[in-house]
Amino acid sequence: MRPPGTRLRAVAARLFAANTMEYLIDPAIADLQAEYEDASRNGRTWRKRWICLRGHLAFFTMIVAHGLAAKTIDVGLAPWRGLSLDVRLGLRLLVKHRGLTVVGTVAMAFAIWSGIVAFEFYTQIMRPRLPLGDGARIVAIVMVDTANLDERAPTLHDFVAWRDSLTSVQDLAAYRDRTWNVIVGTAVPEPVAVAEISAATFRVVQERPVLGRPLVEADETPGAPWVVLIGHDVWQSRFESDPNVIGRQLRLGNVPHTIVGVMPEGFRFPLAHGFWVPLRLNPANYPRQQSPVVRVFGRLSPGATLEAAQPELTVLGATAAAAFPDTHQHLEPRIVPYIDSIFRGFSADSATEVFSGNLLSVLLVLLVCGNVALLMFARAATRENEILVRTALGAGRGRIMSQLFVEALVLAMVAALVAVTFAQLAWHSLFAMVTENMFENRVPFWMQSSISPRTLVYAALLTLVAAAIAGFLPGLKVTRGIGTRLRQSGPGAGGLRFGGIWTVLIVMQVAVMAIVPTPVIAIYRDVGKWARAANAGLAPEQYLAVTMAMDGEKVPGAAGSTFTGRFAAATRELERRLEAEPGVTGVTVASLLPLMDHPWRMIDIDEESAARGERNSSQRLVSSARVALDFFDVLDTPILSGRAFHSGDLQPGARTVIVNQSFAQLVLGGNNPIGRRVRYRDPTRLNATRSVNEPWHEVVGLVGDLGIAADGRDSRRARIYHPLVPGGSHPVRMAVHTMGNPLLFASRLRSLARDVEPALQISEIARFDQVAAAGARTMTLLFWLFLALAFVVVLLSLTGIYSVLSFTASQRTREVGIRVALGGRPRHVVAVLFRGSMTQIVLGILIGLVIADRLSEGDMVRVIAVYGCVVVAVSALATLGPVRRALRIQPIDALRAD
Amino acid sequence: MTDRRDVLYGSLGLMILKTLEALGPLHGYRIARRIEQISGNQLAMNQGTLYPALLKLEQAGWISARWSESESGRKVRRYALTAAGRRQIRVQAAEWQQATGIVERFFRIQEDAS
């Protein structure tokens, strides 16, 4: 990992003179890094974060508060000099109207923030570009099964056939994704992603190693020495950037490989790889039906296009289908841009969704800025006097408009700064979520965990749009007919009015304010459900979760024993050694642990009901897991009725299962599950009423819910546990029950695993509660997003109400004066003054509450009623200031107001 | 004009000089920690003020600085007291005593009055 402050230093080096760097900034960053290193050695994460945060804050304080002021420091920038009068006025207004500054900043920042995040998501995840030379011409070939429109990877035989005859793609290459343990010297083995890849790759990507040579065709011949090309990161972290690394050895699995080259920084093609070994697959060694699956890619020949290449490929596909109907009858090769072959899960629909997400965020910017424009208009109205005087002194309409625009721009820029900072944070979590869910925690080489420069340009554009709306709209309104007003009268005479559109806007906005808590509360309930899930039935903080897998090949001495047998033996031995460790009170394994995402399937219950085809009552979606015999024992979950698993359940044909309480409640309607029989439906025939081929399983036991929330109507929380045959799940998850903090046990576990079997891959070591399904995090993120949205909406609405009333009061000063002078009672004057505005507010609230009630399907009547009262009360509070101000007007002052 | 920052600089400078006198050459982060420690953690040392202060002292010739390696082998800028710095400590200490003495008298006036 890069030490903290590196990027900051790079930015500073561009801004400041060499002396400033030498005497001020470099010492500070060197100390920050030294302190960070100390904390790293002590292994305290929170302390490291705190040091980073404090270091960065200190840096900015230093630059802003001292750097600019110190005469000796040649800053090279004098930001305050030469700024136009308008900007200075804008800055002054920010300070003077603090309320507007805060509200405007928060609202605009939120809108711009959502724009940035949506755009970043779109450009980085939906429509990314390959950071390789002429990357748009790199393509992939995939197979589409025309029978069910499934996409699948081609086989080795397909690859060889295409390579020999395709002309519109030059340098066709293939790779296989492997996970092997890497061992450098005496270091602990660690599973890494290795690409078994054709030598042609390095012509396709047009990248050269920084050291040594790329893979060449000679490396692919059987019997050639085993060689490996390593990535820049690997070279730095595992070989301390040794310039003589070429010729050194590392082991992948148990096979020593000689390093022949180091690829440049950032190169991790095809996905997130740091090791490349030659693809040595000879089609002659495999029958066609067992041909290994590979991924195929290449570079379009000069002048060729995707559209032109497809017909050529279709012909090859048809030839293959005719020659090998048993395997290729329904298969059709398609040529696609390289990235599209990796995002197979993304359909055109979700692309549209994301695009409309972008559009929504732009709409949000427009809406929010319209609101800010309202506030700015109210402020401009209070400055009508100033504007009239300026006009009288010869300022044209354009001059006044530009002044209001610059004022709005200053505000928008402050908001944009805030937005970019928070967008960076949000992008980090979104990025982590995407890489975890879509790429299993591997970061594709074209993705950046920070906001891209393109997005910053987009943010600047949004800022300009925001400023234009918030500046020009009020400007237009204030300056319209200003000449007439100048001739007629002064301020306070009621020259300015809110138009019909503004009125509708206010009503709508108040309505939205009333609606907004409904989704927030709904999501909050879901989040609560997830949170409760973590504690349901177990003490997650006492357990360590570990994922174990094993290198599939290249294990010497493997002859005579099957892979499953070796994996089972290694797992059992590790279990035995762990149980002997002090501080460990239990060890068990399962295909999936509680709180992980479980796959779900449809089931039938009992022969009779299945035969009757009772679809609604007897078919359910349930989740399932395979667990070791001692699983419930180690997790301290008692068997509620029936019996636990015993070794007899592992016999072939035993087919026993244990179900959880939710299963008994949801699937069996609270009946006793013991003795009932269940059967999975054929997943390919969801609509069929019979599933003849799947065997029946007998329920022998009932356990409490583990890691599943107690409420919720989703039947997928019903779970079926099958007994796990040793070695029957690869990878397998291990749960270690420890006394004290389980994470302290992680390194000991790794070294035990190395002793047991060097090919054993240990990954995803985490405490149980950290394993919580990704869904929980998505929900939490969504909840915070909605909460922020709700906050911004409520804030904008309340300030909107406030400014409308203030505006009304300020515009009708003279009217108030006359009414009071003629003997009008304060109560009546106020009533006349605010009748219109209050009607709008109450109307808005009513509309909003009705819609909210509909949305929640009557689920939250009480909540909505209480919230309605709160909204009315708060709106009334917002009117308090303007009303008092109106009542304080003395008749004589009011009439003198011209 | 004397503003609060100058006062802070004055006392911070003295604290840094005294720290270097007591402990010998140190880098910025150790100086900050030491000042916090001596103050009984009542002062939270902002590094944003520390480095400009160090630079000021260096330009006055009271401390010298050079790049060297820390205990963990990392490159850091280490500050040491100069002879002029040693004299400055005596001057500043005297001034400080004098200044606090004066302020002290004002407090006594108030107490007498009450």
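**Where chain A meets chain B**

Okay, let's start with charge: across the interface of chain A and chain B, the rule finds two salt bridges, a salt bridge being a side-chain nitrogen of Lys or Arg within 4 Å of a carboxyl oxygen of Asp or Glu. Before I go on, this is a predicted model, where local features need pLDDT of at least 70 and side-chain atom pairs count only at pLDDT 80 or more, while totals for chains, interfaces and linings use all residues. Residues are numbered from 1 along each chain as its sequence is written, chains are lettered from A and ligands numbered from 1 in the order in which they are written, and side-chain values use heavy atoms, with hydrogens and water left out.

Back to those pairs. In one, B:Arg33 goes with A:Glu35, and the closest N and O atoms are 2.8 Å apart. There's also B:Arg77 with A:Glu22, at 3.4 Å between the closest N and O atoms. That pair runs from strand β3 of chain B, residues 75-81, over to helix α2 of chain A; helices (H or I, at least four residues) and strands (E, at least two) are DSSP runs, numbered from the N terminus. Searching the whole structure, over all chains, gives 19 salt bridges.

How much area do chain A and chain B bury between them? About 2,100 Å², with 54% of it on carbon and sulfur atoms. Buried area here is the accessible area (1.4 Å probe) that two parts lose on being put together, summed over both. Chain A puts 25 residues into the contact and chain B puts in 23, where contact means heavy atoms within 4.5 Å.

One last stop, in chain A. The peptide bond from A:Phe269 to A:Pro270 is cis, with omega near 5 degrees, and A:Pro270 sits in the loop between β8 (255-262) and β9 (275-278).
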